Amino acid sequence: MDLHLKNLFGRFQEQFGSGPGLGPGSGTCLMKVEGVFPNFIKCIYKGSAALYRTEPWKRLRPGHLFGIRVGKDSDWSSKKQPFPCVQFIGGDGGDVGFHMFRSESDAKKMTGSRETIRAPNVELLRVTYELEALMFPSNKRMIKSLSLEASGTDRFPVIDVARCMSSGELRFRNPTLEELRFVYAFMRAISLVHPLLQEDKNGASKWSRLMYFETFIETVDVQWPPEMAKGHDLVAVTVSHPPGQAYEEKACSTASSTPTKYAEPPREEVFVDVRVNSNCVYRQCTFCEKEVHGDQSQCCALCRAVVYCSSLCQKQHWKETHKSMCGLYKAMMEREEELVMKIFLFPCSADQPCKWLDSLGIHQKGMWRRKCGCYAHYPFGLLPVKGGLWDSWGGLGDEEFPRDSPFHNHVRDGISSPILLSGWSEYYNLRSLPLSSPVADILSHPFTVYYILTSLNISSKNLLLKGKEVILHFLGPEGELDWMPAFAEIGHLLNGSGNIHIVMVGPEVPTNLSGTTSGISSRVRVNLVRGNYQDEATYLPSPHIIVALNCGMESYSAWGGALELIKSRGVPAFFTEQSEILCANAKQVLRGAGLHITHPVTPNPFRSPVKTYCLSNNLPSYSNGFVLGVNT
C-alpha cells in the first residue's frame, strides 16, 4: 500500500508540481554554486521579488515568447547569449515562474497547449516560485540563514537547469554563476518593460483565449549590484516580443505610442485614502491642479505615484486618464531604489531646496544660488561673482571641491587620451574628493555632456581621441550659464587630447552676453547666443552633436522648429529628462516630429544624486536622470 501511495504521489507531483509538466523542485541550492557569495544570492532574491510584485502572469502565458539580449555576445564565456528565449509559466494554473531556453526553436518544442513537453536533449533554466513550506530543507536553511527576501508573502524562487534526456528522464544541475548573472539582468529588465506591452485586438482569432500583443522591442539599462559588476556598472538589456524583432522606432505619433498597461476595472479599494508621506509644505493635485498641504494630500493606492487633493479627483482622474497609465507608473516607482545613489554621505533628498542647501552650509552662496529660488530675480548668467574657485563652490572645504588642476598619472604608452569615467565613484576617487561633498549635483551638467561625447556618441569620441575639435550645440541653457567654473573641469578630463567648442543657444541667454566667447579652460570654449535654435542655427558653426539637458519636452509646439531642423540635418542629438514619465512625453514629441529614437531611454550614470520632488507626483526625479537620443 505504501509503495502504491508513493507512486501515486510521485505521479501527482510530476503532473502538478512546480514547473508545470516538469515535476517538482529538483533539490538544487544556490549555496552550492561554485564561487557564489551570500550577497550575490541576496541580489538574486531581491530581483526575483521585484519581478513577482509586477505580476506578469496576469497577462502572460507560455505561448508568449520573449527574446532577451544582455550586453554583448562577447560578454559571455560561450561568446553567445546563454538563454536568449523566455516564457512565463503558471498564468493559467500551477506554480508561477519562467523558463529560459537556449533558442526559440527549443522553446517551441517544449511548449504544449496545456503543459511543458519533455523534448529530448533540450536544456532549459527554470525559475519557479515555490511555497516555503514545500521547499527542500537545504533551501529553507539558506533562506533563514541569509534572511532572503520573500516574493509575495510566502514564496521564494527555486532556480535550476533541467535537461530532458532521450529516455524521457530529467536531469538537473545548479546554474553557474554566469547564468545567474544573466537571470538577474533579465528579471530586472522584464519587470520594467512587460507593463508596456500593448494588446493587439486585431491579431487574435475570434475564439482565442490567448491575449495577443503588438510587436515590441525595448532596451533598458540594468545596474549591476557591486557583487555582480565586472568592470561596468550598467548593462544594456534588450527585450523583444516575439523573439528576433529588429530595433525600429515608430515614426508616427498615435494614442498607442504612449506605453500603457492592461488595467483591470477599478475596484472600490483602489480609492482608499492613502496619505502622501512628504515633508513638502504644498503639493499639487494631478487632476484639478489645486494646491494642497503635503499632510492633507493623498495618492493612488495602486501605484502610489500621483497626488490628489481628494478621493473625488482621484476617481475622476482614474476614469479619464490614470487607468491606462497606472501600471506604467507602478513600474517606475518600483525602479526608484535602483536610481538611488547610495555611495554619497550627504543628504540626497531635496524636497525643500533652501533647507537642503542650508543643511550643507551653501545656501545663497556661489554657484549654489541657482539651486533654489532665492536669486530668481537675477537673469541666468548674471549672478554677481565675488572671487575665485573657492567662492564659486560656495566656500566648501579645501578638499571638498575639484581644483583647477590636471589629472596626474593618466598617460598610457606615452600618449595622453581623454579620461573615460564609468560613474561618480570613479571620479571622486580620481579627485580624492570625500563622498560627503555635494559637488556632483552641479557637476552633473558638464559631466553629462562629457559622458555623451565620450561614451554614447562614437564619432565625437573618435574626434577627441585623434586630438581634434568637437563642436557641440547646447540648446536651452539656463542655470548652466552661471556654472562655467564647473564646465572647466571637463577640460581637465580631456587630458591633453582634443578640444570642445560649446555653442549655448536659447532665449534665456542675456542680451548683453549674446555673441560673447569664453575660454573657460585651455581645451573648452563656450559661445553664447540668444534666440531660438531654429532661427540662429544658420549663423552658427555646423555641429558634430546637439545636446539639451533637462529639456522638459512636453509638447511639440515648443520644440517643433528645433526638431524639424535636427531632423533635416541628421545630426546626432541627445536629450536628458528628470524622470521616466517626462521621457515618455519626450518620446511622443520626437516621434511626432518624425525622428527615430536610436538611443533608447537609459539611466544616466552622471545624473545628480539629489532626488527632487514634483508637486503633482511621487515619481523618482533626478536632474539629468535619463538620456535618449536620435540620429545616433
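Mentor: Gladly! Let us start with a term: a cavity is a set of grid points where a 1.4 Å probe fits but cannot get out, and its lining residues have an atom within 4 Å of a point. Keep in mind that this is a predicted model.

Trainee: Which residues line the second largest cavity?

Mentor: The lining of the second largest cavity is made of Ala50, Thr54, Arg188, Ser191, Leu192, Ala331, Glu334, Arg335 and Glu338. Helices H5 and H6 each give two or more residues to this lining, and H5 gives the most, with three. The volume of this cavity is about 70 Å³.

Trainee: How many of the residues in that lining are nonpolar, polar and charged?

Mentor: Three are nonpolar, two polar and four charged.

Trainee: What is the volume of the largest cavity, and which residues are closest to its centre?

Mentor: The largest cavity has about 260 Å³. Leu196, Leu328, Met332, Glu580 and Val601 are the closest to its centre, out of 18 lining residues. By class, this lining has 13 nonpolar, one polar and four charged residues. Over the whole structure, the search finds seven cavities of 30 Å³ or more.

Trainee: Now a helix. Which residues of H12 are buried?

Mentor: In H12, residues 458-465, the buried ones are Ser460, Leu463 and Leu464.

Trainee: What makes them line one face of the helix?

Mentor: Looking down the axis of H12, the buried residues fall within an arc of 95°, so they line one face. Among the elements covering the buried residues of H12 are helix H11 (440-456) and strand S16 (469-475).

Trainee: Why is cysteine 326 called buried?

Mentor: Buried means under 20% relative accessible area. Cysteine 326 has 6%, so cysteine 326 is buried. Cysteine 85 is at 1%, and therefore counts as buried too.

Trainee: How do you know that cysteine 326 is in no disulfide?

Mentor: A disulfide needs a pair of cysteine sulfur atoms within 2.5 Å. The nearest cysteine sulfur to cysteine 326 is that of cysteine 300, 3.9 Å away, and cysteine 326 is in no disulfide. By this rule the count comes to zero disulfides.

Trainee: Is leucine 197 buried or exposed?

Mentor: Leucine 197 has a relative accessible area of 1%, so leucine 197 is buried. Leucine 197 sits in the loop between H5 and S7.

Trainee: And why is serine 147 called exposed?

Mentor: Exposed means over 50%. Serine 147 has 62%, so serine 147 is exposed. Serine 432, at 56%, therefore counts as exposed as well.

Trainee: Which form does the peptide bond from histidine 241 to proline 242 take, cis or trans?

Mentor: That bond is cis, with omega near -10°. Proline 242 is placed in the loop between strand S8 (234-241) and strand S9 (274-275).

How values were computed. Residues are numbered from 1 along each chain as its sequence is written. This is a predicted model: local features need pLDDT of at least 70, side-chain atom pairs count only at pLDDT 80 or more; totals for chains, interfaces and linings use all residues. Side-chain values use heavy atoms; hydrogens and water are left out. On a 1 Å grid over the protein atoms alone, a cavity is a set of points where a 1.4 Å probe fits but cannot get out, and a pocket is an open set with protein on both sides within 12 Å along at least five of seven lines; lining residues have an atom within 4 Å of a point. Grid points are joined across faces, edges and corners, and a volume is the space filled by probe spheres set on the points. Ala, Val, Leu, Ile, Met, Phe, Trp, Tyr, Cys and Pro count as nonpolar, Asp, Glu, Lys and Arg as charged, and the others, Gly among them, as polar. Helices (H or I, at least four residues) and strands (E, at least two) are DSSP runs, numbered from the N terminus. Buried means under 20% relative accessible area, exposed over 50%, partly exposed in between (1.4 Å probe, protein chains only). The arc is that of the directions from the helix axis to the C-beta atoms. Contact means heavy atoms within 4.5 Å.
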